[in-house]
Amino acid sequence: MRFAWIDLREVPRPQLQAVVDAAVHARMAGVVSADAELLGTLPPTVTRVLAGGAPAAVPAKKPADKGDKEAKADAKPADKPPTGAGVDLLLRKFTAQDELDALAAENRAASGTPVAGFVDVRDDRTLQLSCVGAMALPYTVIHFADPTKIPLEIVLAAAESAEGKLVTVVGDLEEAAIVFDVLERGSDGILFTPRSADDVFALARLLEATTPQLELSTLTVESIRHVGLGDRVCVDTCSHFEEDEGILVGSYSSGFVLCCSETHPLPYMPTRPFRVNAGALHSYTLGPDNRTNYLSEVGSGSALLAVGADGRTRRVVVGRAKLESRPLLEIRTHAEDGRLVSLTVQDDWHVRVLGPGGKVLNVTELRTGDELLGYLAQDKRHVGLPIGEFCKEV
C-alpha cells in the first residue's frame, strides 16, 4: 500500500497550521518535522517523524597502542538521538557505511525510538549506499539529485526482498505519480513538501487513485445483423494486454461488451498485443473514475480501463486511435434482467469479443444464444459523467 509523509520543515509559516490540519484530516501516513513539540500535538493516527540534520554518530575506534581501560576512557561516546514526547520515528542522515551501521545498531538495540535513514544520492557511491540502507533499515528516505529515475529503479531492484520501506523525496505531485509507477511497483512511499493545504488534499486524491474490481455479467446474443459501411475505431494503447483482457465498449451507456485485444494469433497478420478493434465511433467506452467517453473522443494520452475476464481492471494510456471506414456488424444482446446491450463493430472475422471464462469469440461466427461477457452500469450519463436523471437510449 503506497503512502505519503508530509514534510513540514520548509512549509511557509503562514500555511503551516493549515497544512498540519490537512495532513491529519486527509489521513496522511506520516508527518516529518524538526520540531518535537509540534509533533507532540499530533494524534497517534499519524506517524510522527522527528528529523535530525546531523549524520548518525559513530563510536570512536579503540586506539591500538593503549590499554583497554585507557582506550575506553578516550573513546567518543555515540551521540544520543534527539527525542521528544509523541515521536514515533527518528530520521537521521547517513553519508557513509559506518554511519549506516550505527543506525542499524541503534535499531537492533531496540532500546528507544526506531531510527530511519536519509541519504542524498548524487553518484554511484551514494547510490550503492542507499541500496544497502534500503536492506538494513525500517525506512530509508532517499533524495535523488538528478531527474532520471534509473537510480530509483536500481534501488527498487536491490531492495525487492527487503522488509523495510523505501520513501522517495518528490518535488511535486506530477513527480509523485511517476515515482509510484517506476518498475510497476514503485516506491513504497513519498516525502512531499506542500505549499498549502490544497496540495495535501490533491496528494490524498492521488493516493486513492486505484481502479475498481468490476462485477461482469453474462450477456446472451439475441441477434446479429450487417448494417453497412461506417467508421470504426482501433484503440492502440501503450500497454501489453493479457490474453483475457480487453476494453468495455457499448452503444448504450447502460451496458458494455468486453472487446478482446489482438493478443491472439490470426492468419494473414501478426498479433498486435497493444490493440483493441473496439467498435463504431459513436460507442461508449469505460475509463477510470467511472467516466465514459465516446470512441470518437479517444486519442493519444487518453486513459482507459483494461478489463480482465475476472473483472480485474488497470489503467492504460492510449498511444493513438485509428478511425477508418469499414463494413459494420450490430450485435444485440440481453442481460439476465432483460436489459438490452448493443455493440456495433467492424464486420470481419478477426474482430473478437470475450465470453465467460475468457473464451475468445470471432464476431462473424456469433449465433443467437451465444454468451458474452459484459458490464451493466447503474448510472445514466451526461458528458460521460454519472447523473441521476431520466434517460432512455434506443
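Leaving aside its neighbours within four places in sequence, which residues is V317 in contact with?

1. V317. The residues are T237, C238, G301 and S302, where contact means heavy atoms within 4.5 Å. V317 lies in strand 16 (residues 313-334). V317 and S302 are 15 residues apart in sequence, and their C-alpha atoms are 5.8 Å apart in space. V317 is partly exposed, with a relative accessible area of 28%; buried means under 20% relative accessible area, exposed over 50%, and partly exposed in between (1.4 Å probe, protein chains only).

2. Basis. This is a predicted model, in which local features need pLDDT of at least 70 and side-chain atom pairs count only at pLDDT 80 or more, while totals for chains, interfaces and linings use all residues. Residues are numbered from 1 along each chain as its sequence is written, and side-chain values use heavy atoms, with hydrogens and water left out.

3. Overall content. The protein has 8 helices and 22 strands; these are DSSP runs numbered from the N terminus, helices being H or I of at least four residues and strands E of at least two. Of its 394 residues, 47% count as buried. Among contacts in the protein with a separation of 6 or more, 63% come from residues 24 or more positions apart.

4. Helix 1 and helix 8. The axes of helix 1 (residues 16-25) and helix 8 (residues 197-207) come within 8 Å and cross at roughly 20°. Axes are lines fitted to C-alpha atoms, for helices over the stretch in contact, and angles run from 0 to 180 degrees between N-to-C directions. The two helices are therefore roughly parallel to each other, a label for angles under 35 degrees.

5. Residues at that contact. A18, V19, A22, A23 and H25 in helix 1 meet A197, V200 and F201 in helix 8. The residues of this contact divide into 7 nonpolar, 1 polar and no charged. Here Ala, Val, Leu, Ile, Met, Phe, Trp, Tyr, Cys and Pro count as nonpolar, Asp, Glu, Lys and Arg as charged, and the others, Gly among them, as polar.

6. Aromatic pairs. A search of the whole structure finds 5 aromatic pairs. Rings of Phe, Tyr and Trp (its six-membered ring) pair if their centres lie within 6.5 Å; planes under 30 degrees apart count as stacked, over 60 as edge-to-face and the rest as tilted. The ring centres of F3 and Y139 are 6.4 Å apart and their planes are at 90°, so the pair is edge-to-face. F3 lies in strand 1 (residues 3-7) and Y139 in strand 6 (residues 139-144), so the pair ties together parts that are 136 residues apart in sequence. F3 is buried, at 14% relative accessible area, whereas Y139 is partly exposed, at 24%. F3, W5 and Y139 form one aromatic cluster.

Terms used
Angles under 35 degrees count as roughly parallel, over 145 as roughly antiparallel, 65 to 115 as roughly perpendicular and the rest as oblique.
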